[in-house]
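Please read the following note alongside the sequence and the model.

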Amino acid sequence: MADAPVLRLDGVSKSFGGLDVIRNLSFEVARGQRTALIGPNGAGKSTVFNLVSGVYPVTAGRIRVNGQDITDVPSRLRMSRGVSRSFQNIRLVPHLSVLENVLIGQTPRISRLAEVLYPVRLVRNSHWKREAMGALERAGLAELAGSQVDDLPYGVQKQIEVARALLGGADVLLLDEPAAGLNPEETEELRERLRNIADQGTTLVVVEHDMQFVGALCEHVVVLDFGEKIAEGTPAEVRREPRVIEAYLGSDAE
Amino acid sequence: MSGYVEGILVILLLNVVFAYAVYWPLAAGQLNLGVAGFVGVGAYLSAYLSNEYGISPYLACIGGGLVTFVFALIIAVPVLRTKGIYLALATFALGQVLQSLFLNLEVVGGAAGYPVIAYIGLTGIAVIAVAVFLVTAFLERTRFGLNMVAVHDDEAVSDLFGVNVRRYQALAFAIGAGFAGIGGGLYGHHFSYIEPQNYSILFSISVVLFVLLGGTQTVLGPLLGAVFFTLLPEVLRGSEEWRYAIFAVFIIVTMILRPQGLVTTFELRAVRRLFGGGGGGGGSGLGRRAHG
Ligand SMILES: Nc1ncnc2c1ncn2[C@@H]1O[C@H](COP(=O)(O)OP(=O)(O)OP(=O)(O)O)[C@@H](O)[C@H]1O
Ligand SMILES: [Mg+2]
């Protein structure tokens, strides 16, 4: 399935009790591509992530990952089918340390009983811990490994989520506002890191309000407004689209 | 060792076993108010096995625990459909049903109770109680234990990361029940007599109480709770009439000052740091990243 797009939505719709939040949405994400999903507040960006990761079932349409239809695959199995994600509202496990939260990211790769019963919180230098530490080091968070997560600043917690999402071995990573809460230098570091991740073969889909960040990181942009795709193309192309300008003028984002 | 000290130790060790019976479901976010029922199942089963078939009382206790585990795993399917307060009520009802079952089972004496012939002394109880603690402490350090914390804190995220939430909850419930069953077997074989009145809601509630008192965030909490609950009334023996009142006040004050229990992850981490180990696996854990 080398030529199939990593992620493909076909006519996906979602309504919550009569309210149409996503309407007939179709787009493709090619392997290795860095894609942004943008749109004003309430456009439905997070809902798209929730549909792809299986938090909600779709009302209509199909979702494919690596050419395989995952629309009816239970949410629990979707990471092992290739899609991982972070959350807009931080969803770390408060009673686990930073390192242990990152270890949770490895769970989609665990299947054998021996692995389930492996004392990963006891053995000091296991390959699991080394891998998780490596992810923390790359995010510049190594010295926080033993800290409790809820003491940490918002932006740091977001980076822990990104590190956790990376370890599931997924082909496509959905990141919901990963730069929220970061200062300009940290945002630039994140951008570099995401670029490296993409260069190593992981496909990225990023929801982000910071258009500079999007312009500098992404090659491909999908614009949503009221649950509909109103534009798609390179950052420069979508910026010129009259409908995009119109959608953004009436909202608080630029 | 005096008979008095030995008697206290037996109660303490049994309370430790019961504490972990309640701890497991709590670790997965479930309050089991029917633990006395599972204690009863283990007590009657093991007593019946050793009385009628002459099986070693130790094997009978372990066997009783295993059967209780399987029984709870099956029961978990309907019971765990309920959540929160309704789950607590469902387990309460289950406990009541089991107790009335013991009252009406004539093969094991019904309301008159059931004498147990074989005997298990302090040493045997100690070995099994330590084993229950060690198994719990080990499992808590495995990936199974790690995922269990995730299930406790956030079911939706655990599910997305591939954890079978229902299976984890059922297993936590059943492991707890299995320990309850083993504890019931030990109780019967030590006191040589079991009767349905023992397995009442009061029993369940006091175990839940001292486990919450000790704290459920770490594996040491239930142990500490059992120690406090067993020893404090003894320490207060001087003031005979008042000791239970003082004890009750102590519990209420603890619950107000430390609703999360006496020991939490925080203290445990502080202790580990003190001894220079990074239980977390790296870093001092104290540093905060400067952030603008
Ligand atoms: N579970 C739900 N039930 C009902 N309505 C929902 C639910 N989830 C989302 N919505 C609605 O769907 C719409 C899109 O929400 P969504 O969170 O996807 O927007 P978004 O593009 O991520 O916005 P933001 O930029 O503010 O994060 C909103 O009107 C929201 O109220
Ligand atoms: Mg959103």
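**Note on the ligand sites**

1. The magnesium ion (ligand 2) is coordinated by A:Ser46 through OG and by A:Gln88 through OE1, at 2.0 Å. Donors here are N, O and S atoms within 2.8 Å of the metal (3.2 Å for Na, K and Ca), and sites may look incomplete because water is not among the atoms. A:Ser46 belongs to helix 1 (residues 45-53) of chain A, whereas A:Gln88 sits in the loop between strand 6 (83-85) and helix 3 (98-104) of chain A, so the pair ties together parts 42 residues apart in sequence. Helices (H or I, at least four residues) and strands (E, at least two) are DSSP runs, numbered from the N terminus.

2. This is a predicted model, in which local features need pLDDT of at least 70 and side-chain atom pairs count only at pLDDT 80 or more, while totals for chains, interfaces and linings use all residues. Residues are numbered from 1 along each chain as its sequence is written.

3. A:Gln88 counts as partly exposed, at 29% relative accessibility. Buried means under 20% relative accessible area, exposed over 50%, and partly exposed in between (1.4 Å probe, protein chains only).

4. An oxygen atom of ligand 1 lies 2.7 Å from a side-chain N or O atom of A:Lys45, and another contact places an oxygen atom of ligand 1 at 3.1 Å from a side-chain N or O atom of A:His209. Polar contacts are pairs of N or O atoms within 3.5 Å; within protein, one must be able to donate a hydrogen and the other to accept it, and residues adjacent in sequence count only if both atoms are side-chain atoms.

Technical notes
Chains are lettered from A and ligands numbered from 1 in the order in which they are written. Side-chain values use heavy atoms; hydrogens and water are left out.
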